[in-house]
Amino acid sequence: MPEPQSNQNKTSEQMLHELMLKMIEFDAGDTARIQHFVKVASFARTIALGEGMDAQTLLTLEAAAIVHDIGIRPSEEKYGDSSGKHQEELGPEPARRMLAEVGFDPARCERVAYLVGHHHTYTNIDGADYQVLVEADFLVNLFENGSGLDAVRSAGQKIFRTATGKWLLETMFDVRIDG
């Protein structure tokens, strides 16, 4: 991996770049898992920009989207599976460590850890960063899992709240979810 810069002089973009490289290294050899979080990060940014998200919330969201599945490998090692609940249990701590290594401030590390620890929980969504992360993950998972149009419509009605996320869902899957 390229040599990282010292933490005090990094821009947000440089920290996200370094985080992306660290997460790719974390999942080395698992192309599908790497492809997954790269796509989730891209959709998260696209939705956030479409919704006019402020720069600080966007930074938190993008960091969370990159590391959202960091709990999969620890879950597989500890439990022999990658269930959403096990990911939520085991993901926050390695996410905190990785973000701190890159230079994210403690408050942002905690919010990202919270998002990692709840990204499979679809009730009590408490912020735009959380909502957009869930929508972006759904967009990718619906495709990767080969979900049918009924599942797409159901997710659109039950999960999606942003206009940009709904538009992406309807456009990607050529389906109407409202009306």
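How many salt bridges does the count come to? The count comes to 17 salt bridges. This is a predicted model.

1. **Glu18 and Lys10.** These two side chains meet in a salt bridge, with 2.6 Å from N to O. Both partners deserve a look. Glu18 counts as buried, at 7% relative accessibility. Lys10 also counts as buried, at 11%.

2. **Glu76 and Arg33.** A salt bridge of 3.1 Å, N to O, joins the side chains of Glu76 and Arg33. Glu76 lies in helix α4 (residues 72-79) and Arg33 in helix α2, so the pair ties together parts that are 43 residues apart in sequence. Arg33 is buried, with a relative accessible area of 15%. Glu76 is partly exposed at 35%.

3. **Arg111 and Asp129.** Here the closest N and O atoms of the salt bridge are 2.7 Å apart. Arg111 sits in helix α7 and Asp129 in helix α8, so that distant parts of the chain, 18 residues apart, are linked. Asp129 counts as buried at 7% relative accessibility. Arg111 counts as partly exposed at 21%.

4. **A charged network.** Salt bridges also link Glu93, Arg96, Arg97 and Glu110 in a network.

5. **Asp137.** This residue belongs to helix α8. Asp137 is buried yet has no salt bridge. The nearest side chain of opposite charge is Lys39, 9.9 Å away. A salt bridge needs a nitrogen to oxygen distance within 4 Å. What Asp137 does have is a polar contact of 3.0 Å between its side chain and that of His36. Beyond its neighbours within four places in sequence, Asp137 is in contact with His36, Val40, His68, His119 and His120.

6. **The core.** The largest nonpolar core has 50 residues. Leu19, Ile66, Val67 and Phe104 have the most contacts inside it. Elements giving two or more residues are α1 (12-26), α2 (31-50), α3 (55-67), α6 (92-102), α7 (106-116), α8, α9 and α10. The largest share, nine residues, comes from α8.

7. **Val67.** Which residues does Val67 contact, leaving aside its neighbours within four places in sequence? They are Leu19, Met23, Ala95, Met98, Leu99, Val112 and Val116. Leu19, like Val67, is listed among those with the most contacts inside the core.

8. **Helix α9.** The buried residues of α9 (residues 149-158) are Val152, Ala155 and Gly156. They are on the same side of the helix, because they cover an arc of only 100° around the axis. An α-helix has 3.6 residues a turn, so residues three or four places apart point the same way. The buried residues of α9 pack against α8 (128-144) and α10 (163-173). Asp150 and Lys158, on the other side of α9, are exposed.

9. **The loop between α7 and α8.** Thr123 is found in this loop. Its relative accessible area is 52%, so Thr123 is exposed. Thr123 and Ile159 are 36 residues apart in sequence, with 9.3 Å between their C-alpha atoms. Asn124 lies in this loop too, and is exposed at 69%.

10. **Positive phi.** Phi of Asn124 is near 55°. Phi of Asp174 is near 50°. Asp174 is in the segment after α10, and counts as exposed at 70% relative accessibility.

Terms used: Residues numbered from 1 in each chain as written. Predicted model: local features only at pLDDT ≥ 70, side-chain atom pairs only at ≥ 80, totals over all residues. Heavy atoms only, no water. Buried < 20%, exposed > 50% of the residue type's maximum accessible area, 1.4 Å probe, protein only. Helix = DSSP H or I, 4+ residues; strand = E, 2+ residues; numbered from the N terminus. Arc of directions from axis to C-beta. Contact = heavy atoms within 4.5 Å. Core = buried A, V, L, I, M, F, W, Y, C linked by side-chain atoms within 4.5 Å. Lys, Arg positive; Asp, Glu negative; His and termini not counted. Polar contact = N/O pair within 3.5 Å; in protein donor to acceptor, adjacent residues only side chain to side chain.
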